[in-house]
Amino acid sequence: MAVRSTTAVPTLEDPQRRAPSASGVAVRTCIGCRLRAPATELLRVVLASDSGRDPAIPGTVQPDPRRRAPGRGAWIHPEPDCVAAAERRRAFGRAFRGGTSPDPTPVRDYVAALAARAVPRSAPAGRVVGETRESETKPMSTR
Ligand SMILES: [Zn+2]
C-alpha cells in the first residue's frame with residue numbers, strides 16, 4: 001500500500017513584498033523634517049497651557065513619551081535637528097492650531113538630554129586597541 005504523498009503545496013506566495021507589514025503600527029509625520037515614520041520612533045508632544053485655553057497665552061510644548069497626555073498631540077523625531085527645524089518653521093504653533101507659537105523649550109531640553117544619554121552601549125568592536133606595531137620600524141629591504 002504505497003501512499004504517495006502527492007499533496008501539491010499551493011504556492012500562495014503573492015508577489016507582494018513580505019514586509020513586516022505595518023499591522024498596528026501607526027505612521028505619523030514628524031513636524032520637524034516632515035518625514036513619515038512609525039509612531040514608535042517619534043516623540044509625542046502636547047501643548048500644555050497654564051491658563052486653560054486662553055489663546056493669548058502661548059503655553060509650552062511638553063514631551064509626552066508615554067503618549068497618555070490628553071489633548072491634541074504632535075509628533076516629532078526625538079532629535080535636536082528636528083526640534084530645531086520645527087521651531088524654525090513654527091510647526092509647533094501650526095500643529096496646535098495656536099495663533100501664537102508655544103514655547104518648545106521643554107521638548108528641546110528633553111531631546112537634548114536624550115541625545116546626551118544616547119551613548120552607544122556596545123563599542124564598535126572589531127579593532128584591537130592594544131595592537132602592538134613593532135613592525136613599524138621594520139627595515140626596508142634595500143638592495
Ligand atoms: Zn524628523
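This is a predicted model: local features need pLDDT of at least 70, side-chain atom pairs count only at pLDDT 80 or more; totals for chains, interfaces and linings use all residues.
Me: What is the order of the open sheet of three strands?

Reply: Strands here are DSSP runs of E with at least two residues, helices are runs of H or I with at least four, and both are numbered from the N terminus. Two strands pair if DSSP finds at least two bridges between them; β3 (residues 43-48) and β4 run antiparallel and are joined by four. The edge strands, each pairing on one side only, are β4 (60-63) and β5. With antiparallel pairing, the order is β4-β3-β5.

Me: And in β4, what is the bridge partner of V45?

Reply: Strands of a sheet pair through backbone hydrogen bonds, either parallel or antiparallel. In the β3 and β4 case the strands run antiparallel. V45's partner in β4 is P63.

Me: At about how many degrees does α3 run to β4?

Reply: α3 lies across β3 and β4. Axes are lines fitted to C-alpha atoms, for helices over the stretch in contact, and angles run from 0 to 180 degrees between N-to-C directions. For α3 against β4, that comes to about 30 degrees.

Me: Why do the buried residues of α1 sit on the same side?

Reply: The buried residues of α1 (residues 80-88) are C82, V83 and A86. They share a side of α1 because, going by the directions from the helix axis to the C-beta atoms, they cover an arc of only 100 degrees.

Me: Which residues are exposed on the other side of α1?

Reply: What covers the buried residues of α1 includes β5 (73-76), α2 (91-95) and α3 (105-117), with contact meaning C-beta atoms, placed from the backbone, within 7 Å. On the other side, the exposed ones are D81 and R88.

Me: What pattern does the protein chain follow along the sequence?

Reply: The chain has three helices and five strands. Of its 143 residues, 21% count as buried. Read along the sequence, the pattern is β-β-β-β-β-α-α-α.

How values were computed: Residues are numbered from 1 along each chain as its sequence is written. A residue is buried if 20 or more other C-beta atoms lie within 10 Å of its own, exposed if 12 or fewer, and partly exposed in between; C-beta atoms are placed from the backbone. Two residues are in contact if their C-beta atoms, placed from the backbone, lie within 7 Å.
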